[in-house]
Amino acid sequence: MNNLYLPIRLAHVICVCLSGGLFALRGLLAMARLPWVNHPMLRRLSYTIDTCLLTAALTLVTIVHQYPFVNGWLTMKVLLLVPYVALGWYALHRAPTQAARITAFLSALLVFLFIASVAWWHDPAGIFRPLVTLSAR
């Protein structure tokens, strides 16, 4: 395997943690109705981290020759990014009520954790794989 695989994978994992942590922080700021949630520095930091995350992901895909819409677990990760981003955007920018904001924020966090579990096990079922295995019997 390529000499760059481990450092790029580490960079990807660090960016995942930073991205999720920053989203959680911004979500908590939104729950507290603090105006810093959309501070330009936090938004720029989010864009920078997510750009590094995407760059590392694309580099890893190239190195290991596993591709979304070819490998099931990568397909699932890519597909889950859509509701994660939509729920996060709604929670931080558009939710009309506090209840909607909290629901969207918690839902986005659950989707984020599910994406992480899919990546951890390299299985489209992620954390639900024991249930899928049981139902297949």
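**Core, rings and cysteines**

Reply: The largest nonpolar core has 25 residues, and Phe 23, Leu 80 and Tyr 84 have the most contacts inside it. By nonpolar core I mean a set of buried Ala, Val, Leu, Ile, Met, Phe, Trp, Tyr and Cys residues joined through side-chain atoms within 4.5 Å. Buried is under 20% relative accessible area, exposed is over 50%, and partly exposed is in between (1.4 Å probe, protein chains only). This is a predicted model, where local features need pLDDT of at least 70 and side-chain atom pairs count only at pLDDT 80 or more, while totals for chains, interfaces and linings use all residues. Residues are numbered from 1 along each chain as its sequence is written, and side-chain values use heavy atoms, with hydrogens and water left out.

Me: Which elements give two or more residues to this core?

Reply: H1, helix H2 (40–64), helix H3 (72–94) and H4 do. The largest share, 8 residues, comes from H4. Helices here are DSSP runs (H or I, at least four residues), numbered from the N terminus.

Me: And what does Phe 23 touch?

Reply: Leaving out residues up to four places away in sequence, Phe 23 touches Tyr 84, Gly 88, Leu 92, Phe 105, Ala 108 and Leu 109. Contact means heavy atoms within 4.5 Å.

Me: OK, rings. How many aromatic pairs are there?

Reply: The structure holds 4. Rings of Phe, Tyr and Trp (its six-membered ring) pair if their centres lie within 6.5 Å; planes under 30 degrees apart are stacked, over 60 edge-to-face, and the rest tilted. One of the pairs is Phe 23 with Phe 105, tilted at 5.4 Å centre to centre and 45 degrees between the planes.

Me: Why does that pair tie together parts 82 residues apart in sequence?

Reply: Because Phe 23 sits in helix H1 (residues 5–31) and Phe 105 in helix H4 (residues 98–121). Phe 23 is buried at 10% relative accessibility, and Phe 105 is buried at 5%. Phe 23, Tyr 84, Phe 105 and Phe 112 also form one aromatic cluster.

Me: Switching topic: how many disulfides does a search of the whole structure find?

Reply: It finds 0, taking a disulfide as a pair of cysteine sulfur atoms within 2.5 Å. For Cys 15, the nearest cysteine sulfur is that of Cys 52, 5.0 Å away.

Me: Is Cys 15 buried or exposed, and what about Cys 17?

Reply: Cys 15 is buried at 10% relative accessibility, whereas Cys 17 is exposed at 54%. The Cys 17 sulfur is 9.4 Å from the closest cysteine sulfur, in Cys 15, too far for a bond.
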